[in-house]
Amino acid sequence: MHDIRTITFDLDDTLWAIGPVIRRAEERLREWLVAHYPGVAGSLLPDEVAKIRTAVLAENADRAHDLTFLRREVISRIGRSAGYDVDTEAAFQVFDDARNDLELFPDVRPALGSLKARFRLIALTNGNANLEKIGIREYFDGHVSAQTAGAAKPAPSIFQAAVLAGGAATENTLHVGDHPSMDIHGARAAGLRAAWINRNGDEWPQDLARPDAVVRNLLELDELLMQR
């Protein structure tokens with residue numbers, strides 16, 4: 001944990017809880033679709049949506065990392081299944097606005113503000129969060145997503161893209177995330193240091209090598225890095 005110059009941050013479930021956000025965004029999308037295209041109601045049943053998603057993934061395995069593309073394609077096919085040519089861009093905007101309407105964990109802003117003064121900070125995510133809409137773009141020097149990198153965590157290439165964006169050597173870059181495999185194991189396999197943010201008191205998987213540090217929140221991480 002010595003000589004850290006850049007910190008890369010996972011976003012979903014590291015800076016905010018993503019489950020409730022996605023459920024609310026999908027509900028708003030369903031409401032919008034039914035209001036504008038009433039006949040899609042049957043295609044929005046959970047089993048039908050699951051079938052469409054499975055088909056889209058199977059036919060676009062090379063774009064499985066691009067969640068925005070996949071979401072738009074699913075919306076389009078839901079419409080076509082009911083005989084509609086859905087305005088996919090407008091529909092996705094409804095989802096995207098709700099997806100980025102979220103509540104940060106209380107430690108996030110004060111910790112990022114403190115860390116920003118001492119390190120370069122890079123957002124590194126498999127998702128499609130919009131930092132401007134969320135209101136945290138000011139804390140980050142760069143933003144690398146699976147869509148822009150062409151690969152999703154835990155692929156080494158997305159971590160390498162984040163290292164390049166941060167400007168420090170791989171061994172001087174620390175990745176912070178909540179997922180033991182995608183974030184911590186992936187980062188360490190790519191040569192980065194890794195800190196596990198364990199907000200829920202979970203047990204570390206015994207089949208994975210331990211992270212360089214374990215913290216309960218970002219304020220603990222900030223304090224730890226002040227001591228190094």
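This is a predicted model: local features need pLDDT of at least 70, side-chain atom pairs count only at pLDDT 80 or more; totals for chains, interfaces and linings use all residues.

Me: Why is R77 called buried?

Reply: Buried means under 20% relative accessible area, exposed over 50%, and partly exposed in between (1.4 Å probe, protein chains only). R77 has 17%, so it counts as buried. Its place is in helix 3 (residues 67-81); helices here are DSSP runs of H or I with at least four residues, strands are runs of E with at least two, and both are numbered from the N terminus.

Me: What makes the pair R77 and E73 a polar contact?

Reply: The term asks for a pair of N or O atoms within 3.5 Å; within protein, one must be able to donate a hydrogen and the other to accept it, and residues adjacent in sequence count only if both atoms are side-chain atoms. The side chains of R77 and E73 make such a contact at 2.9 Å.

Me: And N126, is that buried or exposed?

Reply: Buried: its relative accessible area is 18%, so it falls under the 20% limit. N126 sits in the loop between strand 2 and helix 6, and a polar atom of its side chain lies 2.7 Å from the backbone nitrogen of K153. Apart from neighbours within four places in sequence, its contacts include H65, L67, A146 and M182.

Me: How do you know that the buried residues of helix 10 line one face?

Reply: Helix 10 (residues 218-226) has L218, L221, D222, L224 and L225 as its buried residues. Seen down the helix axis, they fall within an arc of 165 degrees (taken from the directions from the axis to the C-beta atoms), so they line one face. Their cover includes strand 1 (6-9), helix 5 (108-116), strand 4, strand 5 and strand 6.

Me: What makes a set of residues a nonpolar core?

Reply: The members must be buried Ala, Val, Leu, Ile, Met, Phe, Trp, Tyr or Cys residues, joined through side-chain atoms within 4.5 Å. The largest such core has 34 residues, and F9, L15, W16, F140, L218 and L221 touch the most other members. A second, separate core of 20 residues includes L29, I52, V74 and A91.

Me: Which strands count as the edges of the sheet?

Reply: Two strands pair if DSSP finds at least two bridges between them. The open sheet has six strands in the order 3-2-1-4-5-6, with parallel pairing. Strand 3 (142-145) and strand 6 (213-215) each pair on one side only, and they are the edge strands. Strand 2 (residues 120-125) and strand 3 have four bridges, in the parallel sense, and T125 stands opposite S145 in strand 3.

Note on methods. Residues are numbered from 1 along each chain as its sequence is written. Side-chain values use heavy atoms; hydrogens and water are left out. Contact means heavy atoms within 4.5 Å.
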